[in-house]
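These are my notebook entries on one protein chain. I set down what I looked up, entry by entry.

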Amino acid sequence: SGAGLTLEAGARFADGATGVVVTGSGDWGVRAEVATAHTLPDIGSAYTGNGFDGAYLAGDFIDTEVEWENLGVPYVVSENVEVSGNVGEPAVLTVGPGVTVLFEHDRQLQFSRTGSASQLVVNGTAEAPVVFDALGADTAGYWRGIDVATGASPIELHYVSIFGAGEVGGAALFVEGTTLLVEQAWFSGSAGAGVMLGEGASFHPDSVGLAVSNSALALELPAGAVGSLPVDGLSLTGNTTAAVKVSGDTEVATSGLWLNPGIPYWVADDIEVDGTAENPVVLEIGAGVQLRFDNDTGLFVGKRGSAGLIVSGTAEAPVTMLPWSAEVAGAWSGLGIYDASLDDTVVIDHLEIGYGGGASLKGNLHVDDAAPQVNVLNAHHSLEWGVYLAGDAAPVLSEIVYEANLSGECNACL
């Protein structure tokens, strides 16, 4: 009636062990500890034909380098597991091709939460993907997901599916302070976001094939990480809130390009684009991008440091800046271009901007002591002006269409 094989109190197989067969037990085939499960032999071994086929893992800490290999049955995580080592002696969890890991209710994998120097490397392949899933349930957010704190090394996810993870307000995968490399990674069934990046996190530039479906929210990113979002193979469909939420750290401190993910960016906090005289920051917004702003938020360029903004809309795919919620005049602040902006790097092409002019700005487009070039602008339903000029503003305006701006088209345009 017990497990066929039990490893406890630090017991482990010797290196090179092979040919272990566990069958006919009435319980789990194997019970082991998370810190020693990597010693279970995979070569020539079989762990099937038991009451529950799997390696049931107890324990909550991994402080060395371990690799979970494909045993032909799943690993079952029964406790919250912290993976954390020390500088020079990192704790690394590597998950090999074809492995399935199942999580009991409310369990989580944590990296560097109580220490430093950890890493997660998931080495699935097209022929043998890795699966992280809930144990015996098909409920969104059944387990809490993977949490990566500052101190961890870059995370790598290759050919992996992560199902049923992520609590309300959280994510199936949360990463801060390091880069995330995804190659064909699919997240589904989160009660929060599929992926959430925190302060200091970004996607690795070689990332490709990120998919999020059937979750409460597709993605949540700080403004500084949006430019790293991998659109090659990106699929964000079937989520309750069809948006990439931009929140938290509001500063864009490095130049980058925001591409169209196929759904709107939900801007939940002010976005500020500021650099220095030595390192100016230029934000480019690609064709077809939809920015939807929460109440009283806005996009501010060159307010405190050297910066530029390039809006690269086209006639077929204009950039749009509109409210996230109700389309009411003054619902959001608007787009502010300030005196520290670099005139030759503030170029706006084919932009629709509407329902701004609230909070601190007096127009959908508010220009203060700057001279941007604006070509093809549709400014409508501002609480005040379609375009508002302050100080020595001298924009070059071409093909501007105004509609239903409560104070008028432009306060000081020639």
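Entry 1. I looked up Leu-257 and found it partly exposed, because its relative accessibility is 33%; buried means under 20% relative accessible area, exposed over 50%, and partly exposed in between (1.4 Å probe, protein chains only). Leu-257 belongs to strand S24 (residues 256-258). Strands here are DSSP runs of E with at least two residues, helices are runs of H or I with at least four residues, and both are numbered from the N terminus. Together with Val-231 and Leu-259, Leu-257 makes a nonpolar surface patch of about 190 Å². Such patches take residues with over 30% relative accessible area and no salt bridge; nonpolar side chains (Val, Leu, Ile, Met, Phe, Trp, Tyr) are joined within 5 Å and like charges within 9 Å.

**Entry 2. Basis of the values.** I note that this is a predicted model, in which local features need pLDDT of at least 70 and side-chain atom pairs count only at pLDDT 80 or more, while totals for chains, interfaces and linings use all residues. Residues are numbered from 1 along each chain as its sequence is written, and side-chain values use heavy atoms, with hydrogens and water left out.

**Entry 3. The whole chain.** I counted 38 strands and 0 helices in the protein chain. The C-alpha trace spans about 85 × 40 × 30 Å along its principal axes. Of the 414 residues, 53% count as buried. The chain exposes about 15,900 Å², of which carbon and sulfur atoms supply 48%; the areas come from the Shrake-Rupley method with a 1.4 Å probe, and for residues only the protein chains shown count as cover. Among contacts (heavy atoms within 4.5 Å) with a separation of 6 or more, 70% join residues 24 or more positions apart.

**Entry 4. Ala-223.** I asked where Ala-223 is found. Ala-223 is in the loop between strand S20 (217-221) and strand S21 (235-236). Ala-223 counts as buried because its relative accessibility is 2%. Leaving aside residues up to four places away in sequence, the residues that Ala-223 touches include Val-246, Trp-258 and Ile-271.

**Entry 5. Salt bridges.** I searched the whole structure and found 4 salt bridges, each a side-chain nitrogen of Lys or Arg within 4 Å of a carboxyl oxygen of Asp or Glu. In one of them, Asp-147 pairs with Arg-113, with the closest N and O atoms 2.4 Å apart. Asp-147 lies in strand S13 (residues 145-148) and Arg-113 in the loop between strand S10 (108-111) and strand S11 (118-123), so this pair ties together parts that are 34 residues apart in sequence. Arg-113 also meets Glu-176 in a salt bridge (3.5 Å, N to O). I then looked up Glu-272 and Arg-304, whose side chains meet in a salt bridge (2.0 Å, N to O). Glu-272 is buried, with a relative accessible area of 19%, whereas Arg-304 counts as exposed at 57%.

**Entry 6. Positive phi.** Which residue in the loop between strand S33 (341-354) and strand S34 (363-368) did I look up? It was Tyr-355, which has a positive phi of about 65 degrees although it is not a glycine. Tyr-355 counts as buried at 10% relative accessibility. Val-376, in strand S35 (residues 373-380), has a positive phi near 65 degrees and counts as partly exposed at 25% relative accessibility.
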